[in-house]
Amino acid sequence: MHILIFSAGFILWYLAYEAKPIINDEVNLYWEEKNTNKRNKLFNIINEGS
C-alpha cells in the first residue's frame with residue numbers, strides 16, 4: 001500500500017515540477033550574463049597558460 005502512495009506522490013511531484021513556469025526576468029538575465037563573463041575569464045586564463 002505504501003508503495004502505491006509513494007509512487008503516486010512521486011508522479012504528482014514530477015507533473016507539478018514540469019508544469020512550473022520558467023521565469024525570464026532581468027535578474028535571471030543578469031545572472032546568466034555574470035556566469036558567462038566568469039566562464040570567459042576562466043577560458044582566457046586557461047588559454048594564456050597553454
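A residue here is called buried when its relative accessible area is under 20%, exposed when it is over 50%, and partly exposed in between, using a 1.4 Å probe and protein chains only. Please keep in mind that this is a predicted model, in which local features need pLDDT of at least 70 and side-chain atom pairs count only at pLDDT 80 or more, while totals for chains, interfaces and linings use all residues. Residues are numbered from 1 along each chain as its sequence is written, and side-chain values use heavy atoms, leaving out hydrogens and water.

Let us start with the whole chain. It has two helices and zero strands, both being DSSP runs numbered from the N terminus (H or I of at least four residues for helices, E of at least two for strands). The radius of gyration is 21 Å, well over the 10 Å that the globule rule gives for 50 residues, so the chain is more spread out than a compact globule. That radius is taken over C-alpha atoms, and the rule is 2.2 Å times the number of residues to the power 0.38. Along its principal axes, the C-alpha trace spans about 60 × 30 × 10 Å. Buried residues make up 0% of the 50 in the chain.

Now follow helix 1, residues 2–19.

The structure holds two aromatic pairs. In one of them, the rings of Trp 13 and Tyr 17 have centres 5.6 Å apart and planes at 20 degrees, so they are stacked. Rings of Phe, Tyr and Trp (its six-membered ring) pair if their centres lie within 6.5 Å, with planes under 30 degrees apart counting as stacked, over 60 as edge-to-face and the rest as tilted. Trp 13 and Tyr 17 are four residues apart in helix 1, about one turn. An α-helix has 3.6 residues a turn, so residues three or four places apart point the same way. Ring pairs join Phe 10 to Trp 13 and Tyr 17 in a cluster. Phe 10 is exposed at 52% relative accessibility, whereas Tyr 17, at 43%, is partly exposed.

Lys 20 is partly exposed at 48%.
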